[in-house]
Amino acid sequence: MDTQDLDGRGHPRRAARTPLRLLAAAGAAALTVTAGLATPLNPAPQQARAEEEGKKVLTVAVAQSVDSLSPFLATRLVSTSIHRLMYEYLTNYDPKDNHAIPGLATKWEPSADKLTWTYTIRSNSKWSDGKGATAEDAAWTFNKMMTDEGAATANGSFVANFRKVTAPSPTKLVIELKKPQATMAALDVPIVPKHVWENVDDFSKFNNDKTFPIVGNGPFVVTGYKADSFVRLKPNKSFWRGAPKFDELVFRYYKDQDAAVAALRKGEVSFVAGQPALTPAQAASLKGDKNIKVNDAPGRRFYALATNPGARAKNGDKFGDGHESLLNQKVRQALFMAVDRKTIIDKVFQGHAVEGEGYIPPRFSTYAWKPTDGQKLSYEPEKAAELLDQAGYKKNGDGKRVGKDGKPINYRVLCHATDPQDKAVGKYLEEWWGALGIGVTLNCLDNVTDPWLAGEYDLAFDGWSVNPDPDFVLSIHTCAALPATPKDTGATDNFICDKKYDDLYDKQLAEYDPAKRADLVKQLESRLYDTGYMNVMAYPNAVEAYRTDQIKSITTMPEAAGNIYGQDGYWSWWSATPAAADEASDDESSSTGVVIGIVAGVVVLAGAGVFFTMRRRATAEDRE
Amino acid sequence: MTTGGEKTNGGPRTNGEPMTTETTARAAQASPRALARQRRRHSVARFWKQYRTHRAGLFGLAALALFGLIALTAPLTVGSDVQSVTNAPGRPLESPSAEFPLGTDQFGRSLLGLLVWGSRVSLLVGLLAAVLSVAIGALIGITAGHFRGWYATVMMRITDWFLVMPTLVLAIALATVMSRSLGTIILAIGVTTWPTTARLVRAQTLAVESRPYIERAKALGGGHWHIMSRHVLPNVMPLVLAQTTLIISSAILAEATLAFLGLGDPTVVSWGGLLQDAREAGAVSSGKWWYLVPPGIAIAVVALAFTLCGRAVESVLNPKLGVTR
């Protein structure tokens, strides 16, 4: 599911795991079309921004709207990525292998009873207004989230288990816990300056986008923002890890990926974010461009088909209208077995993805899990049909399987109208499940939130970005994440509530030994796989592209084969080095523009010629 | 689509007059039914004779016949298997070759086959939406012209409201709130394009109703229904027909636009839908022209053909426009 829209409703969601897809309104779609049509044909080659006044500007084409610049509210990938640049977190992830490394804290250790964590805060980190960043700021940030519900909107799940947070000295932060918590070295919470934020009245409404520059201590400082237009950042020269090398970083909005690609070809932007990923056709055509590098790396996201397990609330009330047959595990597994994941990789992703198995992408090797041979639900349509027969859903005279209510089964599949992959996979589902005798209605919406939260769907396309610490993506399938009443919004992904799963979840969260915890997480994934609630079909690659004549080098995460946009850290933009000015050459795309312009001109002239001849003939006939 | 029609506002329809005199002369010799049939045959023959003189109209008709034939015979020529993604014969986005004359789409399906199959939906939606639009327009136009008074005022203000609303925006809004299906698209186009027809038909109704024979009919006891159905409707019918032909082309364009904007039924193959698929596959920026150009040309040609036919019909039926070819 594209949970980011759920997130917009203001319930606790962890930041960087925001799903990747963008939801545009119909109006935006119209805009998109105009942009898509106008820009590629616009023959005027625009000057590369990097050359303006000798200033090195790194322009990134993005599509997703910023939900909020307040770290207490933001959950979308674009916003949380910007927060990584604006504010320092207690810890960071190593770009090479994702292990926790010092951020604002230089050292952290638990007490013997595992309930008290002591962090040593660095003394060389300064806010951009000159004041020093101290443990007091961190303590204030956490305390605010613990006491103010509005401030707990985005990252409240981190502090739910905190008993007390204090700052005995400017360099010492002490967090006391109610229960042991394994994620203490992976607290993805931006630390904000107390002296600026203590003046804020209502945290649930303050979006932090009125006064610029925004005071921060990260590698960049936000100096300007206009919704769906741009976010402008200047490097923080006094950043403790060293200042970034570009003079300016701009996230510019291109609601249409084709327009963004055209802008990249022309050198208007230096980087096209792979969110949504470049299509196989775009990636292939960009690969032929000598000044453009396509980064096609294993992604940190999974792409799944989630079943509605019968929506319910914590108070026991059932709601929604999911199909009763989906409550049967055999039916869910049969549906699983009738999906040819290999074909999806080959045809829909054209190789730009890895076949899905366990819940966590193989990129996070510590936690990635694969089903055993006996357990695996591979593509076997005949066996799927057998399972459905066993479950009591037999075919009628027309070859359609009939539900308990005597009507042919027809599943409503919730899909994102803005995501071409959903529609493409949906076409395959129609045929695969159609062969089983099950009807499929694709319900493609710009905004899937309402039917999703109301449980009014049978199956839905779902996807989450996974963090190096998988706690969050696991937590969204626990009973505790269900909404309190049918009217509330819970942190739950799709209403899964399974006792065995919950027990394992609690165990892994309290386990401090990394190897043992990884083992528990794998058991958890195994349980989730067996229930058949989540069919992970693919781990899509991050397919993104940048101009090598504007960006000389940039860090991917993980370094060997990783993504650039949407990292768990600020590595890519902080490390990016500009190419020398003379390397920036005019590429052939500007001449392509000219050629298109000339061709268009000739066509118009020819058309006008024909038109006038016909007009003259018409008048001649008129005179007769 | 409307410019030609507007000119007929309030103009007297002379083409009905000769018929009446001709038939009364022979009334004694044959039964009324046979007479009516004969009269219709005559007027059709006359219509065709005049229509034949419009070269553009003939061209449009030929193009329409061709597309109609393609659409109707599609189940025999390409078959519904052409839409199947699981049995797609080619590799994704192959360029045109002997095997796939127009290349393949992102699933490896033959684009020529999809183009042929898509013509069914595009034409069907265009026709049905135009019929719906003209039906609403004619109903409101005739009743508003006949009843006058507060009813007409209210109806015309509603018409004005729809007239000033940007059609596409309204259609997008409608298509967004309703479920995604062909019916929705037809409805969205139908209920947003009727106001021009309503205005035209109302003006014509007013002109017809001011004639003396309507007064005679009233004097003889003809009720509202009788007058509207027996006297007004036959007289506005030619106008309605011409308007339908013209609206079809804009309905086809609207259908393509809505499908292109992703508001159509994603599981149905249509020309606009093909363009949308092409855009989503990144065909624009990667230069896969064979994915974009054929459906675009097909939409343009069919819309042009309907417009040419509509213009020709209009100029035959309305002598005031007669000279243009």
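Why is helix α3 (residues 77–86) of chain A largely enclosed by the rest of the structure? Keep that question in mind as you open the complex, which is a predicted model and to which the predictor gives an ipTM of 0.74 and a pTM of 0.77.

**First stop: helix α3 of chain A**

Select residues 77–86 of chain A, where ten of the ten residues of the helix are buried, so α3 is largely enclosed by the rest of the structure. The buried residues of α3(A) run from Leu77(A), Val78(A) and Ser79(A) through Thr80(A), Ser81(A), Ile82(A) and His83(A) to Arg84(A), Leu85(A) and Met86(A). If you then show what covers these buried residues, you will find, among others, the strands β1 (57–62), β8 (220–226), β9 (230–235) and β17 (459–465) of chain A, together with the helix α17 (571–575) of chain A.

**Second stop: the two domains of chain A**

Next, colour chain A by its domain assignment, which gives domain 1 as 57–298 + 543–578 and domain 2 as 303–540. The C-alpha centres of domain 1 of chain A and domain 2 of chain A lie 31 Å apart, and the contact between them takes 22 residues from domain 1 and 22 residues from domain 2. On the side of domain 1 of chain A that touches domain 2 of chain A, the residues divide into twelve nonpolar, five polar and five charged.

Now select the contact between the chains, to which chain A gives 33 residues and chain B gives 26 residues. On the chain A side, the elements that give two or more residues are α2 (26–41), α7 (257–266), α8 (280–287), α12 (420–436), β16 (439–445) and α18 (588–623). The largest share of that side, eight residues, comes from α12(A), and by class the side of chain A that touches chain B has 17 nonpolar, seven polar and nine charged residues.

**Last stop: chain B**

Finally, show chain B on its own, where the secondary structure comes to 14 helices and zero strands. Of the 325 residues in chain B, 45% are buried, and among the contacts in chain B between residues at least 6 apart in sequence, 72% join residues at least 24 apart.

Definitions and conventions
Residues numbered from 1 in each chain as written. Chains lettered and ligands numbered in written order. Predicted model: local features only at pLDDT ≥ 70, side-chain atom pairs only at ≥ 80, totals over all residues. Contact = placed C-beta atoms within 7 Å. Helix = DSSP H or I, 4+ residues; strand = E, 2+ residues; numbered from the N terminus. Nonpolar A, V, L, I, M, F, W, Y, C, P; charged D, E, K, R; others polar. Domains from an automatic or database assignment. Buried ≥ 20, exposed ≤ 12 C-beta atoms within 10 Å, placed from the backbone.
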